[in-house]
Each structure stands twice: as structure tokens, then as C-alpha cells.
Amino acid sequence: MPLHRVAVVAPSPVSMFNLAIPELLFGKVEVDGGPGYEVVVCTPEPGPIATTGGLDLYVGRGLDAVEGADTVLVAGTGERYEPDPRTVAAVGRAATAGVRVASICSGAFVLAEAGLLDGRSATTYWELAEELRRRYPALDLKGDVLYVQDGNVMTSSGYAAGIDLCLHIIRTDYGAAVANAVARSALVAPVRPGGQTQFTQTPLPAERGEVCADTRGWAMRNLDKPLTLTDLARHAGVSVRTLTRRFHAESGVSPLQWLLHQRIERAKELLETTGLPMDRIAAASGLGSADSLRAHLVRRTGLTPSAYRTTFSRITTAA
């Protein structure tokens with residue numbers, strides 16, 4: 001399988017955290033015993049570039065690295081800056097050629113300056129959101145999500161949301177099993193899909209507390225059982241009303257929304273990594289029947305279970 005080439009464009013000054021995310025996550029992808037990605041960092045003027053941490057970072061590749069890339073990812077600075085016209089032009093040409101283009105944090109300003117966000121949904125770091133809206137009124141700003149995919153263009157909000165974006169890219173390219181393995185290897189939170197029409201839905205916000213953590217873990221270990229709100233509340237030792245309030249405060253969604261999300265994710269991973277029949281996958285993930293599995297997966301991904309398995313299966317068959 002050919003390597004998927006990612007060109008990461010570093011502005012000056014660049015956030016070192018932004019720049020480290022793609023290398024860390026894409027570099028951990030292994031497919032069929034080999035790397036799944038080649039990551040190349042580039043900048044308009046090769047050589048030392050400033051970072052927001054006050055250090056200089058040497059970047060040896062120029063924007064010629066954008067040519068031939070399968071994905072172009074523009075890193076951010078975490079603060080306001082004027083996009084370099086050379087970067088804007090290179091990213092614009094890549095998008096015109098059909099290359100997938102993405103940004104982390106303030107990198108969205110480059111995409112907007114190139115006209116790639118006109119008429120599209122997009123997001124950026126929350127402190128810069130209103131400025132992005134003001135400077136580029138033709139875009140549809142989604143200020144309360146981790147990341148957004150609109151067609152072949154992706155934008156993410158600040159800092160750790162770049163992790164979620166990169167995991168989403170891995171999931172789109174290689175499936176849930178590979179993305180989940182990378183998340184475990186990198187010791188980051190499980191994949192939280194972002195809003196788009198193909199393979200994911202509105203993202204689960206970051207979990208912000210630990211009160212319901214034990215109950216979430218217990219539910220994950222018992223997805224094959226017909227769990228109810230009463231079951232969850234009983235495990236947490238609180239009333240259903242209190243559970244719902246605390247769960248929403250920590251996870252951003254209701255307990256049953258969270259539970260359905262996890263069931264579908266479990267079903268997707270089983271489709272990719274096992275040859276189990278559909279009714280057994282439905283039972284193991286708590287979705288009940290093969291018909292229910294099909295309905296939920298089509299709604300979430302646009303693919304039937306068999307089509308999803310064909311697209312993302314990691315099972316190798318003997319010759």
C-alpha cells in the first residue's frame with residue numbers, strides 16, 4: 001500500500017504543540033506491517049523559524065513539499081497573525097487540485113484567506129473565532145465544536161482539538177481499528193468524531209470531570225447488555241436526574257446519546273477486525289439486531305455494514 005503523504009505547513013511563529021501533533025499521531029500508524037503515512041514539515045522560507053515558545057526551530061523544506069501531497073495540514077500559532085501570501089497560494093493550488101486540506105487552530109486563517117472556507121462550515125481556536133468571522137463573513141463559523149469537515153476541507157479549534165482532527169483523518173483513511181490503536185499507543189483520549197456527512201456525526205465534547213468516569217468505564221465493559229438510565233444511575237449511586245445532569249456536565253451529551261455513540265463505535269471496530277456475522281456484531285455492541293445495526297450505521301456513515309466492512313476491514317486472508 002503506498003504511503004499517504006502529509007505536508008504540514010509551519011507558519012512563523014509556529015506553535016510547537018501544533019507541529020508535534022501530526023508527526024506524533026500519523027507516525028504511529030502501521031498498516032499491513034508498514035507505515036501508513038509520510039509526514040513532511042515545510043515553511044515558506046526554509047531554515048530557522050520562530051516558535052511561540054521563544055525557541056527557533058529548523059525546517060529544511062520549502063513549500064514545494066506541498067506539491068504531490070495527499071493531505072496538506074496548516075499548523076497554527078495560537079494567536080493572531082497575517083497569513084503568508086506564499087502559503088495561501090500553495091494551499092489554494094493544492095485544494096484546486098483536489099488535495100484534502102486541513103488546519104489546526106489559527107491555521108484556519110490561511111484556508112479562509114485562500115477562499116477555501118467561503119460558503120463552508122469551519123471552526124478555529126475560540127479566542128480567534130470572532131475575528132475569523134469578522135474578517136471572512138462568507139464562512140459559516142461553528143464556534144462550539146472540536147473540528148469540522150466540509151467536503152475536502154477540515155478545520156479544528158485550538159491545541160488538543162488537533163489531536164481529534166488527526167485521529168479523524170486516520171479513521172477516514174484506515175478505519176476505526178487503526179485510529180483507536182493509535183489513540184491507545186499515544187495515550188490520548190479515544191477518537192471523538194467531528195461533524196460531517198460521510199463517516200461521522202457531531203463530536204462528543206471533551207470529558208471535563210471524573211464523577212461519572214467509573215460508570216462510563218463500566219458501561220464500556222457492558223455494551224452488550226441492555227443498559228438503561230436506571231442501570232447507569234444505580235451503578236453511579238445517584239438518581240436518574242442527578243446522573244443525567246452530571247453526565248451532561250462532564251461529557252456534553254446525555255447518557256443515552258453517549259451510550260449509542262459508544263455502541264456504534266464498537267460495532268465499527270468489530271466490522272473491521274472480525275468476520276463475525278451481522279447479528280452477532282449487533283448483539284456484541286448492544287445494538288440488538290442486524291436491522292438496527294444497519295439503520296444506525298447507514299445514518300452515521302452512509303454505508304451499510306457489509307459495505308463498511310469491505311471498505312475498512314483489516315482481516316487478511318490466506319492466498
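**Labels and their cut-offs**

Trainee: Why is Y37 called buried?
Mentor: Y37 has a relative accessible area of 6%. Buried means under 20%, exposed over 50% and partly exposed in between, with a 1.4 Å probe and protein chains only, so Y37 counts as buried. Y174 is buried too, at 5% relative accessibility.

Mentor: A word on the source: this is a predicted model, where local features need pLDDT of at least 70, side-chain atom pairs count only at pLDDT 80 or more, and totals for chains, interfaces and linings use all residues. Residues are numbered from 1 along each chain as its sequence is written, and side-chain values use heavy atoms, leaving out hydrogens and water.

Trainee: How many aromatic pairs does a search of the whole structure find?
Mentor: The search finds five.

Trainee: What makes the pair of Y37 and Y174 edge-to-face?
Mentor: Their ring centres are 5.3 Å apart and their planes stand at 90°. Rings of Phe, Tyr and Trp (its six-membered ring) pair if their centres lie within 6.5 Å; planes under 30 degrees apart are stacked, over 60 edge-to-face, the rest tilted. The pair is therefore edge-to-face.

Trainee: How do you know that the charged end of R216 sits over the ring of F247?
Mentor: It lies 6.0 Å from the ring centre. The definition asks for NZ of Lys or CZ of Arg within 6 Å of the centre and within 35 degrees of the ring normal, and R216 is listed as sitting over F247.
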